[in-house]
Amino acid sequence: MAHPLEDTLLARQITPTAMRLLVLDVLQQHPAAHSLADVEQLLGHVDRITVHRTLKTFTDKGLVHRVEDGSGAAKYALCAPACLPGHHQDLHVHFFCTHCRETSCLPTVAVPVIALPAAYQVHETSLVMKGRCARCAG
Ligand SMILES: [Zn+2]
Ligand SMILES: [Zn+2]
């Protein structure tokens with residue numbers, strides 16, 4: 001029987017386990033960026049270490065990306081299907097809503113290339129904008 005969650009994991013060379021399926025399910029049902037604590041809370045009684053390992057595996061395999069939104073805790077959001085392990089294609093702007101405190105991916109808004117003084121080597125760029133999200137601004 002076809003199982004869409006399992007197929008999503010297998011497409012990224014991730015062996016489906018009960019926990020991995022649960023975490024993927026929760027991320028798909030709540031399309032925003034979530035911290036480890038958020039995921040833990042959404043899942044109910046689960047082992048934090050296992051959830052942490054699961055998110056790390058997902059990140060390594062290009063299924064989710066990390067978002068640093070300035071809240072102090074790294075957050076994780078599902079990647080676009082075009083992402084490859086270790087080579088994320090979705091370098092997009094993230095938006096932190098100061099009203100509902102949710103961090104969202106803005107997949108249609110690319111992070112601009114910013115010119116730096118000579119001798120600086122950029123390893124990654126992240127851009128988080130803050131304000132009211134579409135839901136809260138309306
Ligand atoms: Zn909001
Ligand atoms: Zn994102």
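Donors, in what follows, are N, O and S atoms within 2.8 Å of the metal (3.2 Å for Na, K and Ca), and sites may look incomplete because water is not among the atoms. With that in hand, the donor residues of the zinc ion (ligand 1) follow the sequence spacing C-x2-C-x32-C-x2-C.

Before going further, a word on the ground rules: this is a predicted model, in which local features need pLDDT of at least 70 and side-chain atom pairs count only at pLDDT 80 or more, while totals for chains, interfaces and linings use all residues. Residues are numbered from 1 along each chain as its sequence is written, chains are lettered from A and ligands numbered from 1 in the order in which they are written, and side-chain values use heavy atoms, leaving out hydrogens and water.

Let's start at the metal. The zinc ion (ligand 1) is held at 2.3 to 2.4 Å by the SG atoms of C97, C100, C133 and C136. The angles among these 4 donor atoms run from 103 to 119°, so the arrangement is tetrahedral (four donors with all angles between 85 and 135 degrees).

Now turn to the helices, which are DSSP runs of H or I with at least four residues, just as strands are runs of E with at least two, numbered from the N terminus. Two packed helices are described by the angle between their axes and the distance between the axes. Axes are lines fitted to C-alpha atoms, for helices over the stretch in contact, with angles from 0 to 180 degrees between N-to-C directions.

Helix α1 (residues 4-11) and helix α2 (residues 18-29) have axes that come within 10 Å and cross at roughly 105°. α1 is therefore roughly perpendicular to α2 (65 to 115 degrees). Their contact (heavy atoms within 4.5 Å) joins L5, E6, T8 and L9 of α1 to R20, L21, L24, D25 and Q28 of α2.

The axes of α2 and helix α3 (residues 36-43) also come within 10 Å, crossing at roughly 100°. Here M19, L22, V23, V26 and L27 of α2 meet V39, L42 and L43 of α3.

Finally, look at L91, in the loop between β3 (75-78) and β4 (92-97). L91 and S126 are 35 residues apart in sequence, with 7.8 Å between their C-alpha atoms. Beyond neighbours within four places in sequence, L91 touches A110, V111 and T125.

Notes:
Four donors count as tetrahedral if all angles lie between 85 and 135 degrees; four count as square planar and six as octahedral if opposite donors are over 155 degrees apart and all others between 65 and 115; anything else is irregular. Angles under 35 degrees count as roughly parallel, over 145 as roughly antiparallel, 65 to 115 as roughly perpendicular and the rest as oblique.
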